[in-house]
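Here's a quick briefing to read with the model open on your screen. Take the points in any order you like.

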Amino acid sequence: MDSQNMSNNAGQAKGQAQEKANTVMDKASNAAQSAQESLQEVGQQMQAKAQGAADAVKNATGMNK
């Protein structure tokens, strides 16, 4: 194998490694985004439940008039 072929092979391997690294980074970014969205949704659900509980207490104690 001459040096031209070795150089081509090295360049090709580098390109493939970069492509795989980019794919991994994209998947990690997507997973982080999904987790953030899930946590925001859970937070909104908890806030709604807390508000509902507060309203129920106000109704039960007559403070919601």
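Ala-60 sits in helix H1, where helices are DSSP runs of H or I with at least four residues, strands are E runs of at least two, and both are numbered from the N terminus. This is a predicted model, so local features need pLDDT of at least 70 and side-chain atom pairs count only at pLDDT 80 or more, while totals for chains, interfaces and linings use all residues. Residues are numbered from 1 along each chain as its sequence is written, and side-chain values use heavy atoms, with hydrogens and water left out.

**Two residues to look at**
- Ala-60 counts as exposed, at 68% relative accessibility (buried is under 20% relative accessible area, exposed over 50%, partly exposed in between, with a 1.4 Å probe and protein chains only).
- From Ala-60 to Met-25 it's 35 residues in sequence and 52 Å in space, C-alpha to C-alpha.
- Gln-45 is also found in helix H1, and Gln-45 is partly exposed, with a relative accessible area of 42%.
- Gln-45 and Asp-26 are 19 residues apart along the chain, and their C-alpha atoms are separated by 29 Å.

**The helix**
- H1 covers residues 3-61, which makes 59 residues.
- From first C-alpha to last, H1 reaches 86 Å, close to the 87 Å expected at 1.5 Å a residue (the expected span is 1.5 Å times one less than the number of residues).

**The chain as a whole**
- Secondary structure here comes to one helix and zero strands.
- The radius of gyration is 28 Å, well over the 11 Å that the globule rule gives for 65 residues, so the chain is more spread out than a compact globule (the radius is taken over C-alpha atoms, and the rule is 2.2 Å times the number of residues to the power 0.38).
- Along its principal axes, the C-alpha trace spans about 90 × 10 × 5 Å.
- Buried residues make up 0% of the 65 in the chain.

**Charge**
- You'll find 6 positive and 6 negative side chains, with the centres of the two sets 12 Å apart (Lys and Arg count as positive, Asp and Glu as negative, and His and the chain ends are not counted; each charge is placed at NZ of Lys, CZ of Arg, CG of Asp or CD of Glu).
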